[in-house]
Amino acid sequence: MAQGSDSNDTSYKSPSPGSRPSSSDDAKKVMRREKNRIAAQKSRMRQTQKADSLHLESENLEKENAALKKEVKQLTEEAKYLSSVLSSHEPLCTGLAPQTPELLYPPHHSSYHHQHITVPHYQH
């Protein structure tokens, strides 16, 4: 739509034959058109600013995404390296020999539990 076009102005009514619109009506039309023109300019400006803002946000998100992908790649490579180091070290390490549950937990002795769980007796 061309700027300043009034093709969609439905409020305008052609004067009836023999009557002429007053100068105050003309002034009102001019003021209304000027206000409409300014409002349209502001609307276009807001639209442009919003598009610019979205474009900048998109660029920032793309940069952040690329950085995160790079970090994921580095961490994946580090995990593979550490896993291979661990795999090559496991057969040599005596501290990682499989342990049986008896070695992990001491055998239960009923006297052991009763020694440290005592209920104090209070005198009144």
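**Helices, a salt bridge and a nonpolar patch**

The chain has three helices and zero strands, where helices (H or I, at least four residues) and strands (E, at least two) are DSSP runs numbered from the N terminus. Read from the N terminus, the order of elements is α-α-α. The model is predicted, so local features need pLDDT of at least 70 and side-chain atom pairs count only at pLDDT 80 or more, while totals for chains, interfaces and linings use all residues. Residues are numbered from 1 along each chain as its sequence is written, and side-chain values use heavy atoms, with hydrogens and water left out.

Of the 124 residues in the chain, 0% are buried; buried means under 20% relative accessible area, exposed over 50%, and partly exposed in between (1.4 Å probe, protein chains only). The chain exposes about 12,100 Å², of which carbon and sulfur atoms supply 58%. These areas come from the Shrake-Rupley method with a 1.4 Å probe, and for residues only the protein chains shown count as cover.

The structure holds one salt bridge, defined as a side-chain nitrogen of Lys or Arg within 4 Å of a carboxyl oxygen of Asp or Glu. The side chains of E34 and R37 form this contact, at 2.4 Å from N to O. Both residues lie in helix α1 (residues 23-89), three residues apart, and are therefore separated by about one helical turn. E34 is partly exposed, at 33% relative accessible area, and R37 is partly exposed at 32%.

Helix α1 also contains Y81, which is exposed with a relative accessible area of 52%. Together with L82 and V85, Y81 forms a nonpolar patch on the surface, with about 290 Å² of accessible area in total. Patches are made of residues with over 30% relative accessible area and no salt bridge; like charges are joined within 9 Å and nonpolar side chains (Val, Leu, Ile, Met, Phe, Trp, Tyr) within 5 Å.
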